[in-house]
Amino acid sequence: MAHEVFISYTTQNKTAADGVCAGLEREKLRCWIAPRDVLPGSNYGESIVNAIECSRVVVLIFSSASNLSPAVQREMERAMHFAKPIIPFRLEDVPITKGMEFYLASCHWLDAMSPPIEQHINRLAAAVHGLLGKEWSQPIHPVTDNKRAPRALLIGVAALVLMAAAAGFFLLANRSHRTDSEKRRMPSAAPAPANIPTGLSLDVQVRNPGEAPIMDAFDTTVAALTQVRYELQREEGVVKISPACAYRQRIGEHAVVPVLPAAGPNGAHFNNSPLVLVLQLLNDTSKALSVHRIELQVSESVPEIEPILVVHADAAGLQIFNEGWAPIENGTLQISAPEGSSGKLTLAAFEKMRVIPWSQLTKSGTPEQTAKLAGTIEYFWFNKDGVRNSGSFRFESRPGEPMTQKSAVTATSKVEAEPALQLEFDKSAYSVTGPLARQLTPGENDQVEVLIAAPRTSHHRFHLLVHYNDGQDGILRSPEIDLEYFAPRSVAQ
């Protein structure tokens with residue numbers, strides 16, 4: 001049967017790792033741990049990689065030994081590569097090495113340094129259950145619109161009624177013998193009817209978000225600097241998906257950005273990775289299930305209105321492109337290099353592009369290929385609420401860099417995923433649906449890739465629903481997904 005948790009540890013911490021494994025499996029969380037689950041005669045390294053890829057959560061037994069272990073670091077690299085959530089279970093308070101910090105810096109740690117360790121294993125089990133979405137993955141009926149009462153209130157009302165009835169003593173006594181772990185696993189709503197399977201579960205990931213690039217503006221290629229990926233984080237029951245791009249980050253930090261070479265024929269300045277959601281479906285029931293439809297229930301889609309300036313130079317002069325969706329109100333351009341430049345210039349309002357000819361930039365009126373071009377742009381715009389905002393950044397070019405060189409940036413990457421769902425950018429309370437044909441046998445774990453797109457840069461909040469059929473419709477409902485979608489002008493649909 002498929003496992004849910006991969007346990008990473010060093011041999012020095014085997015006793016603790018075995019205890020964590022036993023504790024999680026008592027809580028009905030299937031674990032994979034070496035060497036127990038390595039099949040005899042199989043390749044050890046290949047088994048590790050396959051186990052990480054097939055897991056849904058990676059638990060790291062963190063100590064001074066695992067902190068320095070190359071094998072553990074390789075496992076963390078694979079976990080990041082496969083976009084698996086990592087929970088460091090810290091046994092010792094030791095400074096983290098830079099190699100491990102790269103993979104664990106954004107993880108939420110769970111300290112287990114104070115005895116007894118069992119209490120920390122219980123907390124770990126609760127965290128894994130929450131991360132896997134055990135409650136929200138339970139089937140619901142789409143025809144039901146009753147609001148679920150808080151569990152504590154239901155229990156209180158039930159207790160008053162039961163105390164008034166003699167027969168209620170037996171039921172109340174039976175409920176009082178439930179263990180804490182059993183209570184944690186109970187859904188807050190009333191139990192589903194017996195003919196509705198409750199073992200179908202859903203998890204949402206982003207396909208291969210990759211490692212966030214750590215780079216200097218001039219020590220990387222244009223393609224790497226302008227690559228856009230999507231990252232996923234889980235915060236208090238909300239799945240946050242946002243774009244990551246080194247060039248955009250520098251703009252936001254008012255930092256130095258390079259002068260880009262002339263764009264290719266399509267004029268693209270950013271290479272967008274498509275947003276592909278990976279739905280992990282697990283049929284943990286005793287019967288085959290048919291998944292037939294996917295739906296986005298969107299509460300709100302609003303445009304993101306801000307400018308994103310890209311600067312490049314050619315024989316005509318300095319070209320300032322606006323890849324964002326907010327027109328520039330006005331601004332200033334200060335040229336600091338080469339020597340003999342014209343100094344500060346006023347930028348008139350523009351929406352898409354502004355060209356500053358060399359006659360206004362340098363006293364010679366011609367481009368100087370061997371000189372460094374540098375300057376500062378300050379600009380102003382109005383956001384969607386009508387509030388005036390300001391921004392600034394510095395730009396530089398490498399001395400002697402050809403101004404006619406074509407950029408390595410290409411058009412938006414294409415991907416085949418079924419279904420492909422199109423969001424609006426200025427609409428509320430709507431649904432987007434697509435067909436989905438999947439047959440899941442008992443115990444089967446399947447992945448479904450869903451391509452999400454929008455016409456322009458926008459912010460969306462929605463729930464993802466998977467419809468399956470077992471004689472009557474059932475639904476798996478994800479937590480709320482908070483999506484920042486990036487579609488600059490040059491690659492927008």
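A: Begin with pairing: two strands pair if DSSP finds at least two bridges between them. Helices (H or I, at least four residues) and strands (E, at least two) are DSSP runs, numbered from the N terminus. The model is predicted, so local features need pLDDT of at least 70 and side-chain atom pairs count only at pLDDT 80 or more, while totals for chains, interfaces and linings use all residues. Residues are numbered from 1 along each chain as its sequence is written, and side-chain values use heavy atoms, with hydrogens and water left out.

Q: Why is β25 called mostly covered?
A: Buried means under 20% relative accessible area, exposed over 50%, partly exposed in between (1.4 Å probe, protein chains only). In β25 (residues 480–485), 5 of the 6 residues are buried. For the protein, buried residues make up 45% of 493.

Q: Which strands pair with β25, and in what sense?
A: β8 (residues 238–244) runs parallel to β25, with 4 bridges. β23 (residues 458–469) is antiparallel to β25, with 5 bridges. Ile 481 takes part in both pairings: Val 239 is its bridge partner, and Phe 462 stands opposite Ile 481.

Q: How do you know that the length of α4 agrees with its number of residues?
A: The expected span is 1.5 Å times one less than the number of residues. For the 12 residues of α4 (residues 70–81) this gives 16 Å, and the end C-alpha atoms are 16 Å apart, so the two agree. Just after α4, Ala 83 has a positive phi of about 60°.

Q: Which residues of α4 are buried, and what do they pack against?
A: They are Val 72, Glu 75, Met 76, Glu 77 and Ala 79. Contact means heavy atoms within 4.5 Å. The elements packed against these residues include β1 (5–8), α2 (44–54) and β3 (57–62).
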